[in-house]
Amino acid sequence: MFAEFLQYLVTGVTIGAIYALVALGFSIIFNASHVINFAQGEFVMLGGMSAVFLLASGIPLPAAVLLAVLCGAVLGIALYKLGIAPARHSDPIPLIIITIGAGLALRGIAQIVWGKGFHSLPAFSGNEPIGLLGAVIMPQSLWVVGTTCVVVALLAYFFNRTRLGKAILATSYNRDAAQLMGINTDMIMIVSFALAGLLGAVAGAVVAPITFTYYEIGVMLGLKGFVAAVLGGLGSFPGAVAGGLVLGVTEAMMAGYISSHYKDAVAFVLILLILFFMPTGMFGKQSAERV
Amino acid sequence: MSDGNDSLGAPAALTGTSARLAESSSLLARLLSARQGGFALLLATVLLAPLFMDGLYHYDLAVLIGINAIIVIGLNLLVGYAGQISLGHAGFFGLGAYTSAILTARYDWPGLLALAASAAFVGLVAFIVAKPILRLRGYYLAMATLGLGMIIYLVLTSESWLTGGPDGMDVPPLVVFGRPVMGEQTWYWIVAMILLLTYWLALNLIDSPVGRALRAVHGSEIAAATAGVDATGYKVLIFVVSSALAAAMGGLYAFYSGFITPSSAGFLHSIHFVVMVVFGGMASIVGSLVGAIVLTLLPQMLTVFADYDALVYGLILMLVMIFMPKGLVPTLASWLRRSR
């Protein structure tokens with residue numbers, strides 16, 4: 001009974017950690033530019049896919065993963081430079097459509113380069129299951145959760161303790177004021193998009209051994225990451241992590257105890273319920289409207 | 001609405017020449033206005049298009065354009081005029097399609113009744129969720145409508161006993177007065193008539209007190225409410241109308257194509273509708289027509305790129321939004337005005 005619960009919890013926390021990474025990417029870009037980046041899921045897809053194919057080209061696994069993560073960061077910068085920066089002064093909706101177009105284009109590229117098939121990445125440290133109080137943990141789950149913990153700690157340090165991190169936060173609070181204080185806001189945008197790309201690629205690379213990866217894997221992961229970000233209040237970093245974990249655990253519990261039939265629907269039912277009762281998410285700030 | 005009235009309708013003229021000029025320019029203005037001129041142009045296009053259409057494939061495309069245009073006009077009333085984003089309209093389209101299909105295929109309802117019932121049912125669903133959903137703003141509204149569409153999509157995919165699951169289901173032909181409606185050409189005229197009607201009604205709605213109230217709500221909800229506009233009521237009204245319209249078109253599409261799959265309710269299809277609205281131009285009914293035409297034809301034309309079609313489509317979306325963030329029709333209209 002307890003072992004069963006623990007098993008579902010482990011599954012939920014693992015997938016929740018991935019949602020958290022994706023949600024953090026959404027929140028970072030949202031804070032910097034007020035854009036919902038619908039290409040965030042494609043960062044995840046490309047992180048996993050490029051790790052698979054770098055490995056296949058003979059590069060050792062750790063280097064392949066690191067390179068894939070760097071690819072993600074470069075891709076984030078490219079999205080900003082080629083898509084968002086030229087249209088920076090537009091309303092949010094055209095900007096969102098630009099990211100949707102970018103997502104489609106990236107899926108198109110992946111499909112051309114790597115085909116439509118499923119690909120797998122070997123687990124980082126073997127497939128020997130670890131027993132814990134009757135539950136079974138795959139080593140890759142530990143990699144996922146551990147990586148997410150490290151990333152979150154690094155991000156917390158970055159945003160609270162470094163000059164650049166504080167400059168990013170300042171820009172997200174008030175762009176004009178930040179600029180007047182001598183912050184190079186264009187640079188802040190580049191760093192934010194690079195970070196979001198990097199986070200997506202990290203998520204894609206660590207989850208690839210568990211879920212396999214293919215050119216459309218980013219669609220659902222992206223949407224659920226968006227749900228997680230909104231669940232915690234869009235733009236809030238602790239909210240993104242909490243939202244991801246809540247979503248992952250709820251999904252696993254529903255699948256385990258009730259039915260796995262509607263596993264994918266859990267995210268959307270949950271977000272509708274939350275929004276009906278808490279219109280700005282669990283940790284969102286109340287905002288007043290000026291007329 | 002940039003229908004040219006404001007820029008071309010000349011003020012009262014003083015001298016005889018300019019009076020005549022003003023007269024002719026007001027005639028021009030009327031021709032250029034979306035209401036009369038646009039309607040006449042649309043009517044002419046619809047009537048003359050068959051002369052240039054060669055084979056059933058062209059008729060098929062024209063029917064798809066018409067169905068998309070009707071949905072996009074409805075969606076534009078919600079997104080462009082009332083300022084409420086919906087990333088879940090394909091959910092209503094799919095729900096309407098499946099309701100019509102299930103009622104006729106599984107329960108032997110007459111086609112027209114099933115069509116009306118599906119529009120009414122989806123309208124009711126939209127009405128029930130409208131109040132809590134439309135309380136949300138901006139990205140939270142986008143999220144909620146996206147979620148709603150996804151739930152509909154997942155239900156249609158999962159309830160195989162009723163919907164046939166991911167493989168889709170067959171739909172019997174629409175039978176009207178004892179005769180099945182068959183053939184692309186017949187469907188062309190049906191869809192064309194509904195399109196003309198929708199276009200006319202939409203333009204009248206925009207110029208009515210309801211339309212002005214919607215634009216006031218778009219400008220500032222609180223200010224509109226202060227001025228005595230029932231902001232929530234109007235938002236709910238237009239949400240229900242556009243959802244029921246999408247559902248009716250979904251039903252019609254199901255009867256027309258004879259086969260539907262859950263992807264008709266999917267997220268990408270929802271995005272497709274919104275992109276048509278924004279691509280053509282928000283708060284421009286003519287823009288909706290243009291958006292539906294271009295973006296229905298574009299994927300067909302891109303098939304020449306074979307595997308590269310998704311890539312090219314995505315890049316075109318990005319380029320248009322970068323260089324024409326206001327959409328095709330408003331941007332072209334302002335270029336025309338400037339070059340004058």
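In the predicted model, helix H16 of chain B runs over residues 328-339, and at 1.5 Å a residue its twelve residues should span 16 Å, which agrees with the 17 Å that separates its end C-alpha atoms. Within H16(B), the residues B:Val329, B:Pro330 and B:Ala333 are buried; because they cover an arc of only 95° around the axis, these residues fall on the same side of H16(B). The other side of H16(B) carries B:Trp335, B:Arg338 and B:Ser339, which are exposed.

Chain B has 340 residues, of which 50% count as buried. When the contacts in chain B between residues at least 6 apart in sequence are considered, 76% of them join residues that are at least 24 apart.

Chain B also touches chain A, with 38 residues of chain A in contact with 33 residues of chain B. On the side of chain A that touches chain B, the elements that give two or more residues are helix H4 (92-114), helix H9 (217-231) and helix H11 (265-277) of chain A, and H4(A) gives the most, with 14 residues. By residue type, this side of chain A divides into 27 nonpolar, seven polar and four charged residues.

Definitions and conventions:
Residues are numbered from 1 along each chain as its sequence is written. Chains are lettered from A and ligands numbered from 1 in the order in which they are written. This is a predicted model: local features need pLDDT of at least 70, side-chain atom pairs count only at pLDDT 80 or more; totals for chains, interfaces and linings use all residues. A residue is buried if 20 or more other C-beta atoms lie within 10 Å of its own, exposed if 12 or fewer, and partly exposed in between; C-beta atoms are placed from the backbone. Two residues are in contact if their C-beta atoms, placed from the backbone, lie within 7 Å. Helices (H or I, at least four residues) and strands (E, at least two) are DSSP runs, numbered from the N terminus. The expected span of a helix is 1.5 Å times one less than its number of residues. The arc is that of the directions from the helix axis to the C-beta atoms. Ala, Val, Leu, Ile, Met, Phe, Trp, Tyr, Cys and Pro count as nonpolar, Asp, Glu, Lys and Arg as charged, and the others, Gly among them, as polar.
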